[in-house]
Amino acid sequence: MTAAPPSILPEIEPEPNTVIDRLVISLFIIVPLLAVLAAVPVAWRFGLSWRNVVIAFAFYLVSGLGISMGFHRHFTHGSFKAARPLRLGLGIAGSLALEGPLLVWVADHRRHHKYSDRIGDPHSPWRFGTGPGAVARGFLWAHMGWMLDRNRTSQRRFCPDLQADSTASWVSQTFPVWAAVSLLAPALIGGLWTMSLAGALAAFFWAGLVRVALLHHVTWSVNSVCHLFGRREFQSRDMSTNNAWLAIPSFGESWHNLHHADPTCARHGVLRGQVDICARVTRWAELLGLAWDVRWPDERRLRQKMTSVAQSRRFSGMTSDRLARSRARADRPDSKPVAP
Ligand SMILES: [Zn+2]
Ligand SMILES: [Zn+2]
(Lines give C-alpha, C1' and ligand atoms only; values in the text may rest on other atoms or scores of the structure.)
(Ligands and ions follow the chains in the order given, each with its own letter.)
Protein backbone atom coordinates (compact mmCIF):
# COMPACT_ATOMS: atom_id res chain seq x y z
CA MET A 1 0.00 0.00 0.00
CA THR A 2 1.37 3.44 -0.89
CA ALA A 3 1.08 6.52 1.35
CA ALA A 4 -1.67 9.07 0.57
CA PRO A 5 -0.48 12.06 -1.48
CA PRO A 6 -0.17 15.18 0.75
CA SER A 7 -2.90 17.02 -1.22
CA ILE A 8 -5.70 14.74 0.06
CA LEU A 9 -4.59 14.66 3.71
CA PRO A 10 -6.57 16.75 6.22
CA GLU A 11 -5.13 20.22 6.85
CA ILE A 12 -5.75 20.06 10.60
CA GLU A 13 -4.40 17.21 12.72
CA PRO A 14 -7.16 14.98 14.13
CA GLU A 15 -5.53 15.25 17.59
CA PRO A 16 -5.93 18.83 18.90
CA ASN A 17 -3.45 20.62 21.16
CA THR A 18 -3.76 19.31 24.75
CA VAL A 19 -4.30 21.50 27.81
CA ILE A 20 -0.62 20.95 28.72
CA ASP A 21 0.50 22.05 25.22
CA ARG A 22 -1.53 25.24 25.51
CA LEU A 23 -0.25 25.90 29.02
CA VAL A 24 3.37 25.62 27.84
CA ILE A 25 2.65 27.92 24.87
CA SER A 26 1.02 30.42 27.28
CA LEU A 27 4.15 30.42 29.45
CA PHE A 28 6.35 31.06 26.39
CA ILE A 29 4.13 34.05 25.53
CA ILE A 30 3.52 35.48 29.01
CA VAL A 31 6.84 35.09 30.87
CA PRO A 32 8.98 37.12 28.39
CA LEU A 33 6.17 39.70 28.17
CA LEU A 34 6.20 40.09 31.98
CA ALA A 35 9.98 40.65 31.76
CA VAL A 36 9.40 43.54 29.31
CA LEU A 37 6.84 45.06 31.67
CA ALA A 38 9.37 44.75 34.50
CA ALA A 39 12.23 46.13 32.38
CA VAL A 40 11.77 49.81 33.30
CA PRO A 41 11.56 49.25 37.09
CA VAL A 42 14.49 46.78 36.90
CA ALA A 43 16.62 49.26 34.89
CA TRP A 44 15.66 52.02 37.36
CA ARG A 45 16.65 49.90 40.35
CA PHE A 46 19.71 47.98 39.05
CA GLY A 47 20.70 49.84 35.86
CA LEU A 48 21.31 48.36 32.42
CA SER A 49 24.98 47.74 31.62
CA TRP A 50 26.42 48.05 28.09
CA ARG A 51 27.54 44.42 28.59
CA ASN A 52 23.94 43.22 28.70
CA VAL A 53 23.03 45.44 25.74
CA VAL A 54 25.81 43.77 23.71
CA ILE A 55 24.77 40.22 24.69
CA ALA A 56 21.07 40.97 24.06
CA PHE A 57 21.83 42.58 20.69
CA ALA A 58 23.94 39.60 19.58
CA PHE A 59 21.22 37.10 20.52
CA TYR A 60 18.55 39.29 18.89
CA LEU A 61 20.58 39.41 15.67
CA VAL A 62 21.20 35.65 15.53
CA SER A 63 17.68 34.55 16.48
CA GLY A 64 16.01 37.24 14.34
CA LEU A 65 18.01 36.28 11.24
CA GLY A 66 17.28 32.64 12.06
CA ILE A 67 13.55 33.40 11.80
CA SER A 68 13.62 35.72 8.77
CA MET A 69 16.35 34.14 6.66
CA GLY A 70 15.99 30.58 7.99
CA PHE A 71 12.49 29.59 9.13
CA HIS A 72 10.74 32.00 6.75
CA ARG A 73 12.61 32.66 3.51
CA HIS A 74 14.65 29.43 3.27
CA PHE A 75 12.64 26.66 4.94
CA THR A 76 9.07 27.88 4.31
CA HIS A 77 9.40 29.47 0.88
CA GLY A 78 12.61 28.05 -0.62
CA SER A 79 13.81 31.53 -1.64
CA PHE A 80 17.34 30.15 -1.87
CA LYS A 81 19.17 26.87 -1.52
CA ALA A 82 21.75 26.58 1.25
CA ALA A 83 24.81 24.48 2.03
CA ARG A 84 24.15 22.04 4.89
CA PRO A 85 26.16 23.98 7.53
CA LEU A 86 24.20 27.17 6.71
CA ARG A 87 20.90 25.26 6.67
CA LEU A 88 21.70 23.72 10.06
CA GLY A 89 22.87 27.07 11.46
CA LEU A 90 19.72 28.86 10.26
CA GLY A 91 17.49 26.16 11.73
CA ILE A 92 19.20 26.34 15.13
CA ALA A 93 19.33 30.15 15.08
CA GLY A 94 15.58 30.35 14.33
CA SER A 95 14.84 27.90 17.15
CA LEU A 96 16.57 30.33 19.56
CA ALA A 97 13.70 32.79 18.92
CA LEU A 98 11.38 30.55 20.96
CA GLU A 99 8.64 30.74 18.34
CA GLY A 100 8.07 26.98 18.35
CA PRO A 101 9.68 24.02 16.53
CA LEU A 102 10.70 24.56 12.89
CA LEU A 103 8.13 22.23 11.30
CA VAL A 104 5.25 23.66 13.39
CA TRP A 105 6.26 27.20 12.34
CA VAL A 106 6.55 26.28 8.66
CA ALA A 107 3.25 24.33 8.54
CA ASP A 108 1.33 27.25 10.14
CA HIS A 109 2.96 29.78 7.86
CA ARG A 110 2.30 27.82 4.67
CA ARG A 111 -1.37 27.53 5.73
CA HIS A 112 -1.36 31.32 6.29
CA HIS A 113 -0.20 31.85 2.68
CA LYS A 114 -2.67 29.33 1.28
CA TYR A 115 -5.70 31.11 2.79
CA SER A 116 -4.30 34.59 3.58
CA ASP A 117 -7.12 36.66 5.16
CA ARG A 118 -9.77 34.11 4.17
CA ILE A 119 -11.41 31.27 6.11
CA GLY A 120 -8.67 28.77 6.91
CA ASP A 121 -5.95 31.39 7.61
CA PRO A 122 -4.66 30.57 11.12
CA HIS A 123 -3.99 34.20 12.05
CA SER A 124 -5.88 36.76 9.98
CA PRO A 125 -6.77 39.97 11.88
CA TRP A 126 -9.93 40.14 9.72
CA ARG A 127 -11.30 36.90 11.21
CA PHE A 128 -14.08 38.56 13.22
CA GLY A 129 -15.21 41.22 10.73
CA THR A 130 -14.44 44.79 9.73
CA GLY A 131 -16.11 46.89 12.49
CA PRO A 132 -13.87 48.67 15.04
CA GLY A 133 -14.59 46.09 17.80
CA ALA A 134 -14.09 43.15 15.43
CA VAL A 135 -10.80 44.59 14.14
CA ALA A 136 -9.52 45.21 17.70
CA ARG A 137 -10.36 41.61 18.58
CA GLY A 138 -8.83 40.46 15.28
CA PHE A 139 -5.62 42.35 16.06
CA LEU A 140 -5.20 40.48 19.36
CA TRP A 141 -6.04 37.17 17.66
CA ALA A 142 -3.49 37.70 14.85
CA HIS A 143 -0.85 38.95 17.27
CA MET A 144 -1.05 36.25 19.95
CA GLY A 145 -4.45 34.60 20.45
CA TRP A 146 -4.22 32.20 17.49
CA MET A 147 -1.32 30.35 19.12
CA LEU A 148 -3.67 29.08 21.82
CA ASP A 149 -6.12 27.66 19.27
CA ARG A 150 -6.79 23.94 19.76
CA ASN A 151 -6.34 23.24 16.03
CA ARG A 152 -2.90 22.04 14.97
CA THR A 153 -1.81 22.49 11.34
CA SER A 154 -0.95 19.15 9.73
CA GLN A 155 2.77 18.86 9.02
CA ARG A 156 2.17 15.83 6.76
CA ARG A 157 -0.06 18.04 4.62
CA PHE A 158 1.95 21.28 4.64
CA CYS A 159 5.61 20.31 4.98
CA PRO A 160 6.24 16.70 3.88
CA ASP A 161 9.41 18.01 2.19
CA LEU A 162 10.85 19.05 5.56
CA GLN A 163 9.64 15.88 7.32
CA ALA A 164 11.70 13.95 4.77
CA ASP A 165 14.72 16.21 5.31
CA SER A 166 17.07 14.94 8.02
CA THR A 167 18.48 18.38 8.94
CA ALA A 168 15.12 20.14 9.21
CA SER A 169 13.37 17.34 11.11
CA TRP A 170 16.31 16.95 13.53
CA VAL A 171 16.35 20.70 14.30
CA SER A 172 12.59 20.62 14.82
CA GLN A 173 12.64 17.60 17.14
CA THR A 174 15.45 19.04 19.26
CA PHE A 175 13.59 22.36 19.80
CA PRO A 176 13.50 21.98 23.65
CA VAL A 177 17.32 21.87 23.67
CA TRP A 178 17.58 25.11 21.64
CA ALA A 179 14.92 26.77 23.80
CA ALA A 180 17.03 25.99 26.89
CA VAL A 181 20.21 27.18 25.13
CA SER A 182 18.46 30.42 24.15
CA LEU A 183 17.75 31.29 27.79
CA LEU A 184 20.76 29.75 29.52
CA ALA A 185 23.58 30.74 27.12
CA PRO A 186 23.12 34.48 27.79
CA ALA A 187 23.24 33.74 31.54
CA LEU A 188 26.42 31.71 31.12
CA ILE A 189 28.08 34.43 29.03
CA GLY A 190 27.01 37.15 31.50
CA GLY A 191 28.23 35.08 34.46
CA LEU A 192 31.63 34.36 32.89
CA TRP A 193 32.05 37.96 31.69
CA THR A 194 31.49 39.38 35.20
CA MET A 195 32.46 36.26 37.17
CA SER A 196 29.36 36.77 39.29
CA LEU A 197 25.91 35.30 39.85
CA ALA A 198 24.40 38.78 39.61
CA GLY A 199 25.95 39.15 36.14
CA ALA A 200 24.44 35.80 35.08
CA LEU A 201 20.98 36.78 36.35
CA ALA A 202 21.10 40.20 34.70
CA ALA A 203 22.10 38.67 31.32
CA PHE A 204 19.36 36.03 31.70
CA PHE A 205 16.84 38.83 32.23
CA TRP A 206 17.97 41.21 29.46
CA ALA A 207 19.49 38.95 26.78
CA GLY A 208 17.23 35.99 27.56
CA LEU A 209 13.71 37.07 28.50
CA VAL A 210 13.53 40.70 27.31
CA ARG A 211 15.30 39.93 24.00
CA VAL A 212 12.93 36.97 23.33
CA ALA A 213 9.89 39.16 24.08
CA LEU A 214 11.06 41.98 21.78
CA LEU A 215 11.64 39.59 18.88
CA HIS A 216 8.31 37.80 19.60
CA HIS A 217 6.36 41.02 19.28
CA VAL A 218 8.25 42.16 16.19
CA THR A 219 7.55 38.82 14.44
CA TRP A 220 3.93 38.81 15.61
CA SER A 221 3.48 42.40 14.41
CA VAL A 222 4.14 41.11 10.89
CA ASN A 223 1.04 38.89 11.34
CA SER A 224 -1.11 41.59 12.96
CA VAL A 225 0.06 45.10 11.97
CA CYS A 226 1.21 44.09 8.45
CA HIS A 227 -2.28 42.80 7.58
CA LEU A 228 -4.04 45.86 9.03
CA PHE A 229 -2.13 49.14 8.61
CA GLY A 230 0.43 50.37 6.08
CA ARG A 231 0.95 50.83 2.35
CA ARG A 232 -0.23 48.43 -0.34
CA GLU A 233 2.37 48.96 -3.06
CA PHE A 234 1.76 45.62 -4.82
CA GLN A 235 -1.36 43.69 -5.79
CA SER A 236 -1.96 40.63 -3.64
CA ARG A 237 -5.13 38.67 -2.98
CA ASP A 238 -5.18 39.60 0.73
CA MET A 239 -4.89 42.66 3.00
CA SER A 240 -1.10 42.52 3.50
CA THR A 241 0.78 45.83 3.86
CA ASN A 242 4.30 47.30 3.85
CA ASN A 243 5.47 49.09 7.03
CA ALA A 244 8.77 50.98 6.93
CA TRP A 245 9.00 51.59 10.70
CA LEU A 246 9.26 47.84 11.37
CA ALA A 247 11.79 47.11 8.61
CA ILE A 248 15.00 47.26 10.67
CA PRO A 249 13.87 45.34 13.80
CA SER A 250 12.17 42.70 11.58
CA PHE A 251 15.23 42.36 9.27
CA GLY A 252 13.05 43.30 6.28
CA GLU A 253 10.04 41.12 7.05
CA SER A 254 7.68 44.09 7.39
CA TRP A 255 7.71 44.58 3.59
CA HIS A 256 4.95 42.03 3.91
CA ASN A 257 2.76 43.25 1.04
CA LEU A 258 5.53 42.50 -1.47
CA HIS A 259 6.06 39.16 0.24
CA HIS A 260 2.42 38.14 -0.33
CA ALA A 261 2.56 39.46 -3.90
CA ASP A 262 5.64 37.29 -4.61
CA PRO A 263 6.13 34.78 -1.74
CA THR A 264 9.30 33.05 -2.97
CA CYS A 265 11.23 36.27 -3.60
CA ALA A 266 14.41 36.41 -1.47
CA ARG A 267 14.18 40.19 -1.03
CA HIS A 268 11.01 41.68 0.42
CA GLY A 269 12.07 45.35 0.42
CA VAL A 270 12.38 45.52 -3.37
CA LEU A 271 11.97 49.28 -3.89
CA ARG A 272 14.78 51.79 -3.53
CA GLY A 273 15.26 52.81 0.10
CA GLN A 274 13.43 49.77 1.52
CA VAL A 275 15.96 48.36 4.00
CA ASP A 276 16.07 44.55 3.98
CA ILE A 277 18.88 43.29 6.23
CA CYS A 278 17.93 39.65 5.63
CA ALA A 279 18.32 40.06 1.85
CA ARG A 280 21.74 41.69 2.35
CA VAL A 281 22.94 38.77 4.52
CA THR A 282 21.56 36.33 1.91
CA ARG A 283 23.64 38.14 -0.73
CA TRP A 284 26.76 37.75 1.45
CA ALA A 285 25.98 34.02 1.82
CA GLU A 286 25.61 33.80 -1.97
CA LEU A 287 28.96 35.54 -2.54
CA LEU A 288 30.59 33.10 -0.08
CA GLY A 289 29.13 30.14 -1.98
CA LEU A 290 26.96 29.08 0.99
CA ALA A 291 23.67 29.99 -0.78
CA TRP A 292 22.67 29.56 -4.42
CA ASP A 293 19.62 29.61 -6.73
CA VAL A 294 18.61 32.79 -4.89
CA ARG A 295 15.29 34.12 -6.20
CA TRP A 296 16.17 37.81 -6.50
CA PRO A 297 13.31 40.16 -7.47
CA ASP A 298 12.20 40.01 -11.11
CA GLU A 299 11.66 43.68 -12.02
CA ARG A 300 9.51 43.02 -15.08
CA ARG A 301 7.12 40.71 -13.23
CA LEU A 302 6.90 42.92 -10.14
CA ARG A 303 6.29 46.07 -12.17
CA GLN A 304 3.09 44.48 -13.46
CA LYS A 305 1.94 43.95 -9.87
CA MET A 306 2.66 47.52 -8.70
CA THR A 307 -0.31 49.52 -7.50
CA SER A 308 -0.75 53.28 -8.06
CA VAL A 309 0.83 53.83 -4.60
CA ALA A 310 4.21 52.65 -5.96
CA GLN A 311 4.03 53.52 -9.67
CA SER A 312 6.82 56.11 -9.68
CA ARG A 313 9.18 54.17 -7.37
CA ARG A 314 12.42 52.60 -8.60
CA PHE A 315 13.74 49.15 -7.68
CA SER A 316 16.65 48.51 -5.33
CA GLY A 317 19.99 47.38 -6.73
CA MET A 318 19.53 43.71 -5.83
CA THR A 319 17.19 42.48 -8.57
CA SER A 320 17.85 39.47 -10.79
CA ASP A 321 18.39 41.68 -13.89
CA ARG A 322 20.84 44.06 -12.23
CA LEU A 323 22.82 41.28 -10.53
CA ALA A 324 23.05 39.44 -13.88
CA ARG A 325 24.26 42.63 -15.59
CA SER A 326 26.89 43.29 -12.91
CA ARG A 327 28.03 39.63 -13.14
CA ALA A 328 28.34 39.96 -16.92
CA ARG A 329 30.38 43.16 -16.53
CA ALA A 330 32.62 41.50 -13.95
CA ASP A 331 33.19 38.52 -16.29
CA ARG A 332 34.48 40.80 -19.07
CA PRO A 333 38.29 40.66 -18.93
CA ASP A 334 38.69 44.43 -19.45
CA SER A 335 36.42 45.53 -16.58
CA LYS A 336 36.65 45.78 -12.81
CA PRO A 337 34.02 43.92 -10.72
CA VAL A 338 31.00 46.08 -9.89
CA ALA A 339 29.41 45.79 -6.48
CA PRO A 340 25.61 45.50 -6.69
ZN1 LIG B 1 0.94 37.48 5.93
ZN1 LIG C 1 5.74 33.93 4.12
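Let me start with one helix pair. Helix 5 passes helix 10 in a right-handed crossing. This is a predicted model, so keep that in mind throughout.

Where are these two helices? Helix 5 covers residues 132-143, and helix 10 covers residues 197-224. Their axes come within 8 Å. They cross at roughly 130°. That angle makes helix 5 oblique to helix 10. For reference, the antiparallel label would need an angle over 145 degrees.

Now, which residues make the contact? On helix 5, they are Phe139, Ala142 and His143. On helix 10, they are Trp220, Asn223 and Ser224. Sort the residues of this contact by class, and you get three nonpolar and three polar.

Next, the whole chain. The protein has 14 helices and two strands. So how does its radius of gyration sit against a compact globule? For 340 residues, such a globule would come in near 20 Å. The protein has 21 Å, which agrees.

Overall dimensions next. The C-alpha trace spans about 60 × 50 × 50 Å along the principal axes of the protein.

Burial: 43% of the 340 residues count as buried.

Last item, contacts along the sequence.

To recap the pair: helix 5 and helix 10 cross at roughly 130°, and the crossing is right-handed.

Methods:
Residues numbered from 1 in each chain as written. Chains lettered and ligands numbered in written order. Predicted model: local features only at pLDDT ≥ 70, side-chain atom pairs only at ≥ 80, totals over all residues. Axes fitted to C-alpha atoms, helices over the stretch in contact; angles between N-to-C directions. Helix = DSSP H or I, 4+ residues; strand = E, 2+ residues; numbered from the N terminus. Parallel < 35°, antiparallel > 145°, perpendicular 65-115°, else oblique. Left-handed = near helix turned anticlockwise from the far one by under 90°. Contact = placed C-beta atoms within 7 Å. Nonpolar A, V, L, I, M, F, W, Y, C, P; charged D, E, K, R; others polar. Rg over C-alpha atoms; globule rule 2.2 N^0.38 Å. Buried ≥ 20, exposed ≤ 12 C-beta atoms within 10 Å, placed from the backbone.
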